[in-house]
Amino acid sequence: MADAPGSVTGSDTVQYAFADGVATLTFNRPDKMNAFTDAMLHALLKGLRACERDAAVRAIVLTGAGRAFTAGQDLSDVQDRGHGLSFKDHLEATYNKIIRALRSVEKPVIAGVNGVAAGAGASIAFACDIRLAAESAKFATAFGLVGLVPDSGATWFLPRFLGYARAYELYATGGRLTAAEAHAAGIVNHVVPDAELADRTAALAGQLANGPTKAFGLTKRAMNRAAAGSLDDALDYEAHLQQIAGLTADHGEGVRAFLEKRPPRFTGT
Ligand code: T3D
């Protein structure tokens, strides 16, 4: 039986659904553009960790309810924290853990960007492996407009997509990218009509969840490492991981299926 929407994350503001190997986490505070409260951030982290532990989960989707993906940090929550606030401790306890969890979970993570993704909400979308965006979606840098530094990996991801000058200008001017601009810049894999986003995201996630997901996880591990290293290091690490992938049941099944001219039946093992 499927879990109740809030039972895995501990909060209805981040809903969890599972079907056919795909776990979907939905930011669910639509009247506030899904802006993150602390409870939501902890629920998201809890949900991601549950996805990581559960072998039945073979692909993960993040999306938003209503007209936003997420507007990032709830700014009224920041006000309510008062003057004793440590921004550093807050980032380390919440956003940084989420970004690390997204990059380290060895399962494909797809962002179904249904509307505006602002501030750390855009950073969370950037940290996913694949982004599908609705035609009306936007990426709003936001931080500079409220006197903050880009965070949650924003200074790492955006210059890699756009180059330093375009990324710096966007952050300094509080600029936005439309879905089409984000696609042209290589940030978004596919732009789809708004009404088709949920189905197209589910179809891609379902396709990935039925694939050799152990190899997909190792591919993510290899690409994470290659992003920070030399070609020599990438060659060595690929060979190390290929030794692991080559011994999986899915590799054997993939080769047998090819030779027998039939579709493979992958199990993620
Ligand atoms: O330690 C730390 O926590 C630091 C971490 C920081 C991480 C960050 O993410 S900082 C950046 C925070 N986010 C923003 O600055 C974005 C602020 N929001 C906007 O710029 C705009 O709302 C949007 C571009 C996202 C959407 O614009 P629009 O015109 O479509 O909608 P709206 O009318 O502005 O918003 C609708 C409602 O959502 C409105 O509430 P109301 O008046 O109907 O009751 C608005 O106040 C609320 N809302 C939107 N974003 C936030 C928010 N409420 C709280 N916090 C928000 N971020």
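**Buried positions, cores and helices**

Me: In this predicted model, is threonine 201 buried or exposed?
Reply: Buried is used here for residues under 20% relative accessible area. Threonine 201 has a relative accessibility of 4%, and therefore, by that cut-off, threonine 201 counts as buried.

Me: Where does threonine 201 lie, and which residues is it in contact with, leaving aside neighbours within four places in sequence?
Reply: Threonine 201 belongs to helix H9, which runs over residues 197–209. Once its neighbours within four places in sequence are left aside, the residues in contact with threonine 201 are Val61, Ile110, Gly112 and Leu132.

Me: Which residues of the largest nonpolar core touch the most other members?
Reply: This core holds 53 residues, and helix H1 (residues 38–53) gives the most to it, with 8 residues. Apart from it lies another core, of 13 residues, which includes Ala59, Leu132, Leu197 and Leu208. Within the core of 53 residues, those that touch the most other members are Leu44, Leu62, Ile124 and Phe139.

Me: What is isoleucine 124 in contact with, leaving aside its neighbours within four places in sequence?
Reply: Isoleucine 124 is one of the residues that touch the most other members of the largest nonpolar core. With neighbours within four places in sequence left aside, isoleucine 124 is in contact with Phe27, Phe36, Leu44, Leu62, Tyr95, Ile98, Ile99 and Leu102.

Me: Why are the buried residues of helix H4 on the same side of H4?
Reply: In helix H4 (residues 95–104), the buried residues are Tyr95, Ile98, Ile99, Ala101 and Leu102. An α-helix has 3.6 residues a turn, so residues three or four places apart point the same way.

Me: What arc do the buried residues of helix H12 cover around the axis?
Reply: Asp250, Glu253 and Ala257 are the buried residues of helix H12 (residues 249–259), and what covers them includes helix H10 (213–226). Phe258 and Leu259, on the other side of H12, are exposed.

Me: How do the axes of helix H5 and helix H6 cross, and at roughly what angle?
Reply: Ser123, Phe126 and Ala127 in H5 meet Ala154, Phe157, Leu158 and Phe161 in H6, and the residues of this contact divide into 6 nonpolar, 1 polar and no charged. The crossing of H5 and H6 is left-handed. The axes of H5 (residues 120–127) and H6 (residues 154–162) come within 9 Å, and they cross at roughly 65°.

Me: What relative accessible area does alanine 134 have?
Reply: Alanine 134 is found in strand S7 (residues 130–134). Not counting residues up to four places away in sequence, alanine 134 touches Val113, Asn114, Ala179, Val191, Val192, Asp194 and Leu197. Alanine 134 is buried, and its relative accessible area is 1%.

Me: Which residues does serine 11 touch, not counting those up to four places away in sequence?
Reply: Serine 11 lies in the segment before strand S1 (14–19), and serine 11 is buried, with a relative accessible area of 15%. When residues up to four places away in sequence are not counted, serine 11 touches Gly6 and Ala43.

Conventions
Residues numbered from 1 in each chain as written. Predicted model: local features only at pLDDT ≥ 70, side-chain atom pairs only at ≥ 80, totals over all residues. Heavy atoms only, no water. Axes fitted to C-alpha atoms, helices over the stretch in contact; angles between N-to-C directions. Helix = DSSP H or I, 4+ residues; strand = E, 2+ residues; numbered from the N terminus. Left-handed = near helix turned anticlockwise from the far one by under 90°. Contact = heavy atoms within 4.5 Å. Nonpolar A, V, L, I, M, F, W, Y, C, P; charged D, E, K, R; others polar. Core = buried A, V, L, I, M, F, W, Y, C linked by side-chain atoms within 4.5 Å. Buried < 20%, exposed > 50% of the residue type's maximum accessible area, 1.4 Å probe, protein only.
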